[in-house]
Amino acid sequence: MKRVSIAAEVVALPSLLFVDEATTSLDAYHSLNVLRMLRRLSRGEGREGGWGGGMTIVCSVHQPSRRCFGLFDSLLLLRQGGKTVFCGPVGLEGGGEGGREGVVSYFEGLPGSPRLGPGENPATWMLECIGAGTISAAAMGGGKGGWEGGRACGGVNHAELYSKSALCAAILAEVQHLEASFSHPSSSSSYSSSTTTTTTAPLKPSSLLFHFSASRPPSFGTQLYYCTLRAWRTSWRLPSYQWARLGGSSAMALVLASVYHRQRQENVSDLVGYLGLVFIMLTFTACVNSTSVLELIHQERPSFNRERFAGSYSVGAYALSWLLVEIPYVIVQSSLFLNILYFYAHFSRDVWRVSWFWAFLFLYMLFATAFGQALAAVTPSTQTAQTFYNTLAPIFSIMSGMTFMPSDIPRGWLALWVLCPLNKAFEGVVMTQWWEDGGGGGGGRGGEEATIIVFNSVTRTFEKRTRWGAVQWFFGEEEGRENALGFSFGHRWRNLWVLVVFVAGCNILFMCALKWRRFERR
């Protein structure tokens with residue numbers, strides 16, 4: 001897992017990499033392998049030809065072994081209070097800078113410091129030198145006194161010694177030289193070990209001594225391709241997620257098909273039963289898709305947060321990839337649901353009616369999936385997301401058109417009707433299934449007379465109407481008159497595009513939540 005975590009950060013080839021406690025919880029063998037890998041990365045190795053310049057790696061470790069310690073080039077040793085005790089080259093075999101003074105020769109040159117014994121670990125030895133080791137603490141009776149004495153410390157202030165040493169002066173001079181190289185490139189040729197610099201007017205960035213190539217991330221299309229490929233593989237490797245959706249919707253389709261297999265549409269109650277079938281079908285499939293995707297998004301969010309900060313890809317490409325990956329799965333799911341339910345429930349076999357039925361079913365299933373993704377992104381946990389969904393689902397049901405029409409809703413709540421996607425899908429399916437152009441034949445088996453008996457409350461008599469007329473009567477629509485918020489066959493294209501807008505809106509909300517909502521706990 002350590003190597004996988006490091007690889008996730010290195011994939012973007014950063015110029016600077018911070019690795020915190022790379023060897024923690026690892027045994028000596030795996031610690032050595034991890035540090036060897038980091039050393040190869042710093043040298044630009046690991047692939048054919050490597051990459052120019054490698055990368056700078058800053059790594060924190062706790063008392064590494066001698067072999068691990070020798071892999072580092074430079075060391076920054078801090079004591080209690082964050083005071084610098086040593087900063088310079090390690091100088092051991094396999095690392096360091098050869099002729100320059102190393103950590104061992106530096107500490108051996110301090111007054112009162114013991115020499116490094118044969119086979120002794122220099123990482124442990126230097127802690128004993130400054131009085132921070134276990135032996136020093138034991139010698140002083142434990143506690144804070146170990147920092148001020150011990151067998152090697154002898155009351156010496158190592159932080160002060162380092163600040164006055166030639167090594168510290170050389171490091172500071174080098175830092176000042178680098179600073180001067182950026183602001184005063186002309187003075188770089190006369191650089192010496194002196195800490196004195198000449199003050200001149202800063203030059204433009206184009207004339208600096210150091211030039212860094214501009215970061216050129218891949219195009220959005222390339223990012224989208226690889227994010228989609230990754231999301232596809234992730235979904236493919238989670239069969240439980242796909243089978244939960246396919247199995248749940250197919251089982252519900254079988255139940256509904258068996259219940260409505262021999263049903264007819266001869267009176268109002270039969271017609272209401274079929275309208276209820278459409279309502280249950282849309283509501284249940286939306287519930288399956290929205291709730292099943294919640295756990296998947298919450299599982300993927302930690303890896304997304306890690307890769308996002310590494311600059312691996314843009315948030316927009318990641319969010320859009322998850323929507324694109326869901327499209328083929330929802331196509332299969334909606335087609336399977338249609339074939340199981342539609343014909344056995346004796347809906348019309350007209351090709352155009354079947355097509356409209358599938359189009360609204362597919363788009364509403366896709367909306368439900370995108371809505372679940374957005375809901376998972378704005379909530380900290382799956383339980384919280386499910387609670388929010390259980391609160392919003394009844395509102396969708398109330399505003400679906402099955403229980404209330406816009407004329408029955410108080411004016412202040414009409415916004416909920418407009419913002420509810422369920423009534424758009426419900427209207428689209430109902431209007432395209434029972435619409436008649438005057439020739440009959442709507443909403444039933446081919447060849448049947450599309451009539452139904454309704455009770456006229458004005459004349460107190462039963463009347464025979466077409467099923468389309470009964471649907472218009474049920475939803476309070478007068479023939480030849482369209483209401484912008486009411487149900488109408490003429491709204492079918494509008495409703496189709498409104499559902500597309502709802503899907504896009506959920507994906508945008510998903511992207512914004514991923515970008516600005518963070519739930520990491522330190």
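The model is predicted: local features need pLDDT of at least 70, side-chain atom pairs count only at pLDDT 80 or more, and totals for chains, interfaces and linings use all residues. Residues are numbered from 1 along each chain as its sequence is written, and side-chain values use heavy atoms, with hydrogens and water left out. The protein chain holds 19 helices and six strands. Both are DSSP runs numbered from the N terminus: helices are H or I with at least four residues, strands are E with at least two.

**Overall make-up**

- The protein chain has 522 residues, and 44% of them count as buried. Buried means under 20% relative accessible area, exposed over 50%, and partly exposed in between, with a 1.4 Å probe and protein chains only.
- Among contacts with a separation of 6 or more, 65% join residues 24 or more positions apart. A contact means heavy atoms within 4.5 Å.
- The accessible surface comes to about 27,600 Å², and carbon and sulfur atoms hold 59% of that surface. Such areas come from the Shrake-Rupley method with a 1.4 Å probe; for residues, only the protein chains shown count as cover.

**The largest pocket**

- The volume of the largest pocket is about 1,500 Å³. On a 1 Å grid over the protein atoms alone, a pocket is an open set of points with protein on both sides within 12 Å along at least five of seven lines. Grid points are joined across faces, edges and corners, and the volume is the space filled by probe spheres set on the points; the probe is 1.4 Å.
- The lining has 44 residues, and I57, V58, S74, L75 and L76 lie nearest the centre. Lining residues have an atom within 4 Å of a point.
- Helix 9 (166-183) is one of the elements that supply at least two lining residues. Helix 9 gives the most, with six.
- Strand 2 (56-60), strand 3 (74-79) and strand 4 (83-89) also supply at least two residues each.
- The lining divides into 30 nonpolar, seven polar and seven charged residues. Ala, Val, Leu, Ile, Met, Phe, Trp, Tyr, Cys and Pro count as nonpolar, Asp, Glu, Lys and Arg as charged, and the others, Gly among them, as polar.

**Aromatic pairs**

- The whole structure has 33 aromatic pairs. Rings of Phe, Tyr and Trp (its six-membered ring) pair if their centres lie within 6.5 Å; planes under 30 degrees apart are stacked, over 60 edge-to-face, and the rest tilted.
- Y342 and F347 are stacked, because their ring centres are 5.3 Å apart and their planes lie at 25°. Y342 is buried at 0% relative accessibility, and F347 is buried at 3%.
- W352 and W435 are edge-to-face, because their centres are 6.1 Å apart and their planes lie at 80°. This pair links distant parts of the chain, 83 residues apart. W352 is partly exposed at 32%, as is W435 at 23%.
- One aromatic cluster consists of Y260, Y274, Y342, F343, F347, F357 and W434.

- S334 sits in helix 13 (residues 315-341) and is buried at 0% relative accessibility. Leaving aside residues up to four places away in sequence, S334 touches W358, L361, F362 and M365.
- H346 is not a glycine, yet has a positive phi of about 60°. H346 lies in the loop between helix 13 and helix 14 and is buried at 14%.
- In helix 1 (residues 2-10), I6, A8 and V10 are buried. Their cover includes strand 1 (16-20), helix 2 and helix 12 (268-309).
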